[in-house]
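Have a look at the structure first, then read on.

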Amino acid sequence: MMLKLWKWYQNCLSFHPLKTQVISSGVLWGVGDIAAQYVTHSNARKRLQLSDRDADFKVNWKRVAITSTFGFAFVGPVGHFWYEGLDKFIKLKLHLQPKSVRFVAAKVAMDGLIFGPLDLLVFFTYMGFSTGKNSVQVKEDLKRDFLPALALEGGVYQLLYVNMFCLLDSAFLSWVEQQKDAAWKQWFTSFTSFKERGGQGKL
């Protein structure tokens, strides 16, 4: 069954690459957000020791729609042209053979240095404004979420892998955004503030 679905997906990808990537990205980002909501809910339930009646999991469908739209409108179409252009650039400008170790290494490096930070910046900015926050609040959320997400997420995936793993990626980013002012984020914020002050107070 899974093999048939995979062949069907590959066939759609061959004949309708952009449409297939847009749809699959939107669906997987939506499912990923549901997973993130469940993980956040489960952690809160254990931490607060809520009863089964008080701890029923309810999906925030508005948030799912917002996150899914990010997959439809950004990850799918932008990712499609980004990876397509990146392949051509590495092959024609850097003269590296596709699927070679150096080709893959160059692709991962450029992807992580350019598209990775852009993806995070757009995601957290979009999520902030979409949930009714103003520019000041969005800026504060970016300070809180951007570095932790960038440090933990590492490199961003090849679009093929995005379509396979963006469920995990969207769940991860949604989880980071939902952690608000978690203690582990404060370390990144305080470290950034210290650097901006130029290490004042250091003996």
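**Notes on salt bridges and a helix pair**

1. Arg 63 is buried, at 11% relative accessible area (buried is under 20%, exposed over 50%, partly exposed in between, with a 1.4 Å probe and protein chains only). Arg 63 sits in helix α3 (residues 61-92) and Asp 33 in helix α2 (residues 17-48), 30 residues apart; helices here are DSSP runs of H or I, at least four residues, numbered from the N terminus.

2. Keep in mind that this is a predicted model, where local features need pLDDT of at least 70, side-chain atom pairs need 80 or more, and totals for chains, interfaces and linings use all residues. Numbering starts from 1 along each chain as its sequence is written, and side-chain values use heavy atoms, without hydrogens or water.

3. The whole structure has six salt bridges. Lys 133, Asp 141, Arg 144 and Asp 145 are linked in a network of them. Within it, Asp 141 pairs with Lys 133 at 2.5 Å, and Arg 144 with Asp 145 at 2.9 Å. Arg 144 is buried at 7%, and Asp 145 at 1%.

4. Asp 145 also turns up where α4 meets α5, among the contact residues of α5 (contact is heavy atoms within 4.5 Å). Helix α4 (residues 101-130) and helix α5 (residues 135-153) pack at about 145°, axes 9 Å apart; axes are lines fitted to C-alpha atoms over the stretch in contact, and angles run from 0 to 180 degrees between N-to-C directions.

Note on methods: Helices (H or I, at least four residues) and strands (E, at least two) are DSSP runs, numbered from the N terminus. A salt bridge is a side-chain nitrogen of Lys or Arg within 4 Å of a carboxyl oxygen of Asp or Glu.
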